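Okay, thanks everyone for coming.

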Amino acid sequence: MKYSNTITSFLFIFLILFKLPVEASDYRNEFVHANNLYSKKQYAKSANAYETLIQKGVRNGYLFYNLGNAYIRMGETGSAILNYVRAKSLIPRDENLAANLKFAIQQTLDKIEPPPLGTLNILFFWVNDFSLNELIFFSLCLNFIFWVNLALWLYFPSLKIARNALLFVLLLSFISVGIKIKNESDLKLGVILAENIEVKSGHSLDTITLFQLHEGALVTIIGKRNGWLEVRLNEKQKGWIPENSLGI
Amino acid sequence: MILKKYTASLAILLSFLLTPALSTIGFGNNISVTATVDKTSLSIEDVLRLSIVIQGTQNTPPPELPSLPSFRVAAAGTSSSTQYINTQRSVSITHNYRLTPMKTGTVRIGPARVRINGDTYSTQPITIEIQKSSNNSRTAGKTAFVEAELSSKKGYIGEQLVYTFRLFHRIDAKNLNLQLPFDSKWFHKENLGEPKAYLKIINGIKYHVQELSMAIFPLMEGLITIPSSIIELDLLYKTQNRNRQDPFSQFFNDPFFGQRTQVQHKVLRSKSLEVNVLPLPKGAPKGFKNLIGEFKISSKLGKRNLEVGDTTTLTVTVSGRGDVKGVTIEEPDLKNHFKIYPDKPEVKQIVDKKQIRGEKVFKFALVPLVEGSKTLPQFILPYFDTNKGQYYIAKTQSITLDIKPSSTKEKLNLVKSNQQSLKKDKPEVQTLGKDILPIYTELDEFKNNDTYSLTFIGVTFSSPIILFFILLFLIKWKNRMKYDVAFYRRRNAFKNANQRLKDMKDHSKSKEFARQLSEILRGYIGDKLNLKGKAITAEEVEACLKESNYQPSQAEDTRKFLEKCETFQYARMNLGSTEELLDESVTLIKVLEKQ
């Protein structure tokens with residue numbers, strides 16, 4: 001009785017602490033409906049249905065992937081790439097997604113190289129193959145195993161289950177999470193949604209046009225001011241574009 | 001002495017460290033922002049230099065310029081200065097801009113703004129007069145001028161026109177920056193080689209000419225205006241010392257020592273040009289693929305007499321004036337008669353008298369499969385000749401082949417060879433089309449991938465750590481209870497005393513009651529202080545409690561209680577006094593336990 005009360009109290013605190021996210025399974029019927037619209041080649045309607053689900057707070061990589069497909073069929077390459085990029089952060093190892101993203105990028109007019117990887121990203125090469133959630137989950141599991149291992153060691157001091165190796169892997173996993181968070185905050189990618197946009201030297205229309213970009217071009221966002229975004233293509237080419245011409 | 005030396009060194013070090021830091025500190029009360037221009041009246045060929053000086057601080061964001069649609073704005077660097085006048089330090093930073101006028105008239109440069117420490121400072125507006133070029137006639141002996149011309153004022157869609165830009169300059173010019181105005185929406189353009197440089201005499205004045213030609217292909221019909229080409233350049237005026245009486249000046253005016261040069265930045269514009277782009281006439285022949293120009297097509301066969309299984313090469317050459325890169329030729333229809341292996345076409349393009357000419361060569365390897373005489377079909381190339389304004393069809397000559405049967409030996413070889421070639425020359429699987437992969441419909445995939453909340457991460461992360469330390473504490477406590485006797489006695493003192501007091505109630509009438517009560521209390525104190533409690537006297541108990549930081553009153557109460565118990569051991573006790581004594585002992589133990 002005493003223990004059951006403790007467990008009930010613990011569960012109550014747990015429920016208060018964790019705000020439950022929107023559960024995707026609640027919207028399964030709407031997902032099926034959107035898929036059916038896509039199958040009937042009503043791409044605009046299916047895109048609308050997918051967008052509605054996203055607005056309701058559903059965050060699912062396959063949902064963004066399907067939305068990207070709908071936009072490709074509608075000929076809106078920029079929106080398609082934007083949603084594929086969003087899907088990539090959630091399902092980074094999906095082969096179909098990689099193929100469709102490549103296809104969509106081939107439809108664009110500008111030849112743009114992906115942003116170069118930093119030294120940390122080269123050393124921690126696996127970071128880009130996992131989503132942030134996966135890395136956090138892996139770190140939490142490792143953290144649990146490490147402390148359980150330590151606890152076992154207290155009871156059975158002769159039992160040394162690779163404690164140092166576990167600690168090393170645990171630290172690596174924490175650093176990986178840190179790099180991933182840094183990448184997601186620093187390397188903010190944006191996609192040009194306008195058909196043709198002039199990249200200016202400053203955040204004003206009367207500044208010099210440095211170069212032009214076309215729909216679907218991927219850029220790295222490095223700054224923001226007065227409704228303008230500073231974007232970078234590579235080490236040499238960067239400039240300002242109006243905020244509303246870019247999808248983030 | 002040593003201390004003084006170190007103090008001096010520290011002061012020097014601090015001054016070095018603080019000087020750059022201080023330079024970035026704003027002096028809020030003395031901040032001022034002013035805008036200046038190098039001239040208020042200029043011609044459209046000149047460049048205006050705008051300087052925004054921020055006095056009183058150097059650590060500011062760049063100024064926000066007003067809207068300047070009449071100018072093209074380019075940053076021209078910043079400069080900062082620090083001055084000390086009578087121990088007063090003043091700092092400033094200057095942001096320079098180069099404004100290239102785009103139209104004539106009176107133009108107002110609005111206030112530029114700078115935000116410093118939450119305050120906004122604005123500059124005063126400046127009015128500028130932009131006049132037309134001082135002399136529009138190019139023959140009036142100008143130092144430098146430009147011109148642009150088009151090979152024709154009208155042309156068909158896709159016809160090659162030549163746009164020529166020329167820069168004439170009498171004196172040296174450097175830092176040339178040319179901007180050609182072609183819009184990719186209206187024209188496709190191709191370079192016609194490197195710029196040419198030559199000399200030309202105009203009205204007796206020698207000019208250096210830089211000429212750049214470009215082929216342009218109109219993409220849309222209608223009257224199209226090609227806007228002005230703009231070139232920015234620095235003209236280098238060589239100046240001489242006017243004091244010709246001074247022998248030193250004459251000496252240093254010698255070219256050996258170089259001459260002083262004065263640089264003038266100029267912006268020159270060519271006139272805008274108009275071109276009437278005509279649509280292609282109706283009646284295009286079948287197979288016409290927007291090929292514009294004048295072309296010839298010819299075919300050649302490597303070997304005409306051959307046997308079944310032999311290989312020969314069919315070469316088709318398209319050459320002429322126009323864009324040959326876009327020419328395509330379909331594979332000849334020779335099914336069941338030949339195996340055909342097309343080669344990658346080769347393109348050569350040259351510029352001849354400002355006209356793009358080229359040659360594209362298609363090669364097909366033919367392997368006859370059946371014997372007999374066979375005539376290869378003609379290749380047809382429809383095109384539109386812009387000079388004559390008509391469609392034409394270029395054709396190749398028919399070629400007839402005589403294919404003999406292969407000999408027996410060779411026949412065997414042929415079979416063998418075919419098998420080998422099937423392996424060797426098996427064509428790679430060709431990609432016929434590209435498309436996206438289908439959508440995901442499995443509902444198992446449709447789960448929320450929302451990022452874990454910080455609370456979840458925090459609790460999940462810290463839970464095993466907290467549990468571990470609780471476990472560690474429990475283990476240590478258990479071990480201490482096991483091995484530390486004093487600790488064990490102290491922890492169980494109250495529990496044992498309480499239990500014994502409960503057990504005593506049945507004997508409350510006994511004379512032994514007071515003795516047992518005294519023993520329980522001394523036992524409790526002995527356990528708490530790790531002493532042999534039963535053997536110590538009331539005075540010793542008081543002393544021990546005082547030593548162990550119990551309050552003197554508690555120690556005294558305990559002694560008095562023990563003395564009372566000793567008294568009752570030899571005196572008669574009634575029921576009320578035993579109960580009173582028992583309550584008193586319970587209270588005393590509780591008070592001592594709280595300590």
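Predicted model: local features only at pLDDT ≥ 70, side-chain atom pairs only at ≥ 80, totals over all residues.

Now the core. Which residues have the most contacts inside the largest nonpolar core? That core has 36 residues, and the names to look for are A:Tyr38, A:Tyr50, A:Leu53, A:Leu63, A:Ile72, A:Tyr84 and B:Phe446. Notice that the list has a residue from chain B in it, B:Phe446. On the chain A side, the helices α2 (28-39), α3 (43-55), α4 (61-74), α5 (77-90) and α6 (95-106) each supply at least two residues of the core. The top contributor is α4(A), with 8 residues. As background, nonpolar side chains tend to be buried together in soluble globular proteins.

Leaving out anything up to four places away in sequence, A:Leu63 touches A:Phe31, A:Tyr50, A:Leu53, A:Ile54, A:Val58 and B:Phe446.

Chain A puts 51 residues into the contact and chain B puts in 41 residues. Between them the two chains bury about 4,300 Å², and 65% of that is on carbon and sulfur atoms. How many salt bridges does the rule find across the interface of chain A and chain B? The count there is 0. Polar contacts do turn up, with 10 residue pairs between chain A and chain B, both residues at pLDDT 80 or more.

Who does the touching on the chain A side? The helices α2, α3, α4, α5, α6 and α8 (132-155) of chain A each bring at least two residues to the side that touches chain B. Here α8(A) gives the most, with 12 residues. By type, that side of chain A splits into 32 nonpolar, 13 polar and 6 charged residues.

Okay, salt bridges. Over all chains the count comes to 25. Let me show you a few. A:Glu30 pairs with A:Lys56, with the closest N and O atoms 2.9 Å apart. A:Glu30 sits in helix α2 of chain A and A:Lys56 in the loop between α3 and α4, so this one links parts of the chain that are distant, 26 residues apart. A:Glu30 counts as partly exposed, at 29% relative accessibility, and A:Lys56 counts as partly exposed at 36%.

Next, A:Lys200 with A:Glu198, where the closest N and O atoms are 3.7 Å apart. Is A:Lys200 buried or exposed? It's buried, with a relative accessible area of 8%. A:Glu198, at 37%, counts as partly exposed.

Over in chain B, the side chains of B:Asp527 and B:Arg489 meet in a salt bridge at 2.9 Å, N to O. B:Asp527 lies in helix α6 (residues 512-529) of chain B and B:Arg489 in helix α5 (residues 485-504), so the pair ties together parts that are 38 residues apart in sequence. B:Asp527 is buried at 15% relative accessibility, while B:Arg489 is partly exposed at 22%. There's also a network in chain B, where salt bridges that share partners join B:Glu147, B:Glu149, B:Arg166, B:Lys196 and B:Glu211.

Two last stops. B:Glu542 is in helix α7 (residues 538-547) of chain B. At 12% relative accessibility, B:Glu542 counts as buried. Setting aside residues up to four places away in sequence, B:Glu542 touches B:Ala555, B:Glu556 and B:Arg559.

And finally A:Leu172, in helix α9 (residues 163-186) of chain A. A:Leu172 is partly exposed, with a relative accessible area of 25%. From A:Leu172 to A:Ser139 you go 33 residues in sequence and 8.9 Å in space, C-alpha to C-alpha.

That's my tour, so over to you.

Methods:
Residues numbered from 1 in each chain as written. Chains lettered and ligands numbered in written order. Heavy atoms only, no water. Core = buried A, V, L, I, M, F, W, Y, C linked by side-chain atoms within 4.5 Å. Buried < 20%, exposed > 50% of the residue type's maximum accessible area, 1.4 Å probe, protein only. Helix = DSSP H or I, 4+ residues; strand = E, 2+ residues; numbered from the N terminus. Contact = heavy atoms within 4.5 Å. Buried area = accessible area lost by both parts, 1.4 Å probe. Salt bridge = Lys/Arg side-chain N within 4 Å of Asp/Glu carboxyl O. Polar contact = N/O pair within 3.5 Å; in protein donor to acceptor, adjacent residues only side chain to side chain. Nonpolar A, V, L, I, M, F, W, Y, C, P; charged D, E, K, R; others polar.
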